[in-house]
Structure formats: structure tokens, C-alpha cells
Amino acid sequence: MSDECCESVRAESLMRIYHYLDGELTTTEIREISVHLEQCPSCHDEYEIEALLKELVRRSCSREEAPMGLREKIRLRIATEQAVWPGAGA
């Protein structure tokens, strides 16, 4: 597949990767995405970046409490992303 295969549906592709990483998909969807990641270098690169980021956050946050105000900053960031990518939070 071409590296540009998912460029036209970038927000949807990223949301599927997030759901894949979070284990929020059906067995069929997991299988479809796994096959796609094997065949699409662009999506595979995005997946690896997001997986590393998720692991870094998990390790960083597992030992101590989050700083005050972090929750609100995250909510604001989510709202900003949803404004930029309408329908991405669906």
C-alpha cells in the first residue's frame, strides 16, 4: 500500500489507532487493523509513535499523583482537538 493511503481520512485513522491501542475494538476490527498496519508504513509509523507515547505516559504516571491542574489541561486539549477534528471524538 502507498504511504499516502490514509492521508484523506487522517483523523479517522488516528482514532482507530487510539481505539486499537486501548483495546476498545471488536475482534474483527482488531484483525483488520493488524493487517492494515502490516501493509501500510505510514499507519504503522503512527501506531508505533502512539504506542511509545502511551507506554511513556503509563510509566510516568504509575508512581505518583498527577500535578494539580493536569486534568483540566487534558480536558482543554481534548476540546481543542475535537474542534480541529470534528467527529473525531465520536
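Q: What makes a residue part of the lining of the largest pocket, and which residues lie nearest its centre?
A: In this predicted model, a lining residue has an atom within 4 Å of a pocket grid point. For the largest pocket, 21 residues count as lining, and Tyr18, Glu50, Arg77, Ile78 and Glu81 lie nearest the centre. The pocket itself has a volume of about 920 Å³.

Q: Which helices supply at least two residues each of that lining?
A: They are α1 (10–21), α3 (41–61) and α4 (70–84). The largest share, seven residues, comes from α4.

Q: How do the lining residues divide into nonpolar, polar and charged?
A: There are 13 nonpolar, two polar and six charged residues in the lining.

Q: Why are Leu25, Ile33, Leu37, Cys40 and Cys43 called a nonpolar core?
A: A nonpolar core takes buried residues of types such as Leu, Ile and Cys, joined through side-chain atoms within 4.5 Å. These five form the largest such core, and each therefore has under 20% relative accessible area. Of the 90 residues of the chain, 16% count as buried.

Q: What does Leu37 touch, not counting residues up to four places away in sequence?
A: Leu37 touches Tyr20, Cys43, His44 and Tyr47.

Q: How many helices and strands does the chain have?
A: The chain has four helices and zero strands, and from the N terminus on the elements run α-α-α-α.

Conventions. Residues numbered from 1 in each chain as written. Predicted model: local features only at pLDDT ≥ 70, side-chain atom pairs only at ≥ 80, totals over all residues. Heavy atoms only, no water. 1 Å grid on protein atoms, 1.4 Å probe; cavity = no way out; pocket = protein on both sides within 12 Å on 5 of 7 lines; lining within 4 Å. Points joined across faces, edges and corners; volume = space filled by probe spheres on them. Nonpolar A, V, L, I, M, F, W, Y, C, P; charged D, E, K, R; others polar. Buried < 20%, exposed > 50% of the residue type's maximum accessible area, 1.4 Å probe, protein only. Contact = heavy atoms within 4.5 Å.
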